[in-house]
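Subject: Structure for you to look at

Hello,

Here is the structure I promised to pass on. Please open it beside this email and follow along.

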Amino acid sequence: MVVVVVGALLFHLVVTALAAPVALPGCPETCGNVTVPYPFGIGHGCFRDGFELVATHPAAPPKLRFARNGVEVIDISLPSGTVRVATRMLGTGSSSSLPRQLDGSWPAGLPANGSLAVSTRHNRFVAMGCNLLANLLANDDDDYMSVCAALCVVRSALPRDAAAASSCSGFGCCQTPVARGLPSYGVHLNDLTQRSVTVGSYGAAFIADGEWFAGEQRSLQLGFVADPRKLADSTAVPTVLEWSLDMDRDQDMFWYDTRVSQWTRCVSVHSAIDDAVDGNLYGRARCNCSKGYEGNPYLANGCQDCGPCVDGPDCE
């Protein structure tokens, strides 16, 4: 009897795993170790507008990138509606006795149609330097999104051991939440004193996954003390983006129930609409499988019964 039950359970799990689609039929489901779920996709007919990806096969392992701007994709999560991408630090150095400054833009190069934006829930705006004022601004109207200041007399006074470089709370390093999720930002870095600075002084700023930064801040601060320009030029910073669909443009991804006169689910049965999009953008939403189901809610029959599983993100 036990053997029969266990056998039936294993059969159910195998059938469920085989039946749960990830991408559209005939489309690649992975690139390297990254799963590529629809509405993302690689190749013609495999993606929604704004979600096209390409695989760079000459790399070993191959890398997944956005087709429009070449930004590397590290991970895609359907349940959380997030994409982790590799971004760079912005830096300003003084090659003269003039006060250092930078008026630039955060370099992710995301489309402005609203499908992707920086996550305010998952990221931190970080600046490193001495007497450095870092401003994150909305590109469209120059509104301040985040501001922080890193203070110290000279870089040589910063901590040089891991125990001392235990926080990023203002001494040579500062961090603050990102106040508003946008596809791009202006970044202003200025010397706080606006006086001449030592030749070679350097400041850097970046938007980073908060969990990643919490684990890496000590090594980043030590690397900054040792060689700030090398750190800025060589560090790939993971940044979390949130993505969503336009409920007007992408109506075919949502199910309208005429009986109650409202949108009730997504393409798959056993799914639900989540309109808690970062920034509370009107008319944008994404989908999740209903509790007890997991899979891809953007595909027909994409949400499958979890059965006895308890470890899946939707099987709670």
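Predicted model: local features only at pLDDT ≥ 70, side-chain atom pairs only at ≥ 80, totals over all residues.

Three strands form an open sheet in the order E18-E22-E21, and their pairing is antiparallel. E18 and E22 pair over two bridges, in the antiparallel sense. Look for Leu 245, which stands opposite Ala 285 in E22.

A reminder on sheets in general. Strands of a sheet pair through backbone hydrogen bonds, either parallel or antiparallel.

Now stay with E22, where Cys 287 lies. Is Cys 287 buried or exposed? Cys 287 has a relative accessible area of 0%, which is under the 20% cut-off, so it counts as buried. Its contacts beyond four places in sequence are Leu 78, Met 253, Phe 254, Cys 266, Ala 272, Pro 297 and Tyr 298. The C-alpha atoms of Cys 287 and Ile 273 are separated by 4.7 Å. Along the chain, Cys 287 and Ile 273 are 14 residues apart.

Next, the disulfides. A disulfide is a covalent bond between the sulfur atoms of two cysteines. How many disulfides does the structure hold? It holds five. Here are three of them.

- Cys 266 and Cys 287: their sulfur atoms are 2.0 Å apart. The link is left-handed, with -100 degrees about the S-S bond. Cys 266 lies in strand E20 (residues 262-266) and Cys 287 in strand E22 (residues 284-289), so the pair ties together parts 21 residues apart in sequence. Both Cys 266 and Cys 287 are buried.

- Cys 289 and Cys 303: here the sulfur atoms are 2.1 Å apart. This link is left-handed, with -85 degrees about the S-S bond. Cys 289 is in strand E22 and Cys 303 is in strand E24 (residues 303-305), so parts that are 14 residues apart in sequence are tied together. Both Cys 289 and Cys 303 are buried.

- Cys 148 and Cys 174: the S to S distance is 2.2 Å. With 60 degrees about the S-S bond, this link is right-handed. The pair links distant parts of the chain, 26 residues apart. Cys 148 sits in strand E13 (residues 144-150), and Cys 174 sits in strand E14 (residues 173-177). Both Cys 148 and Cys 174 are buried.

Now move to another sheet. Seven strands form an open sheet in the order E3-E4-E5-E6-E7-E17-E10, with mixed pairing. Which strands stand at its edges? They are strand E3 (41-42) and strand E10 (116-118). Each has a single partner strand, so one side of each is left without a neighbour in the sheet.

Inside that sheet, find strand E4 (residues 52-56) and strand E5 (residues 63-66). They pair in the antiparallel sense over four bridges. Leu 53 has Phe 66 in E5 as its bridge partner.

Leu 53 also leads us to the core. The largest nonpolar core has 49 residues. Which of them touch the most other members? They are Phe 40, Leu 53, Leu 64, Phe 66, Val 83 and Tyr 185. Strand E12 (residues 132-138) gives the largest share of this core, four residues.

Strand E16 covers residues 202-209. Why is E16 described as largely enclosed by the rest of the structure? Eight of its eight residues are buried, so the rest of the structure largely encloses it. Strand E11 (residues 123-128) and E16 pair over six bridges, in the antiparallel sense. The bridge partner of Phe 125 in E16 is Ile 207.

Best wishes

Definitions and conventions:
Residues numbered from 1 in each chain as written. Heavy atoms only, no water. Disulfide = S-S within 2.5 Å. Buried < 20%, exposed > 50% of the residue type's maximum accessible area, 1.4 Å probe, protein only. Pairing = 2+ DSSP bridges. Core = buried A, V, L, I, M, F, W, Y, C linked by side-chain atoms within 4.5 Å. Contact = heavy atoms within 4.5 Å.
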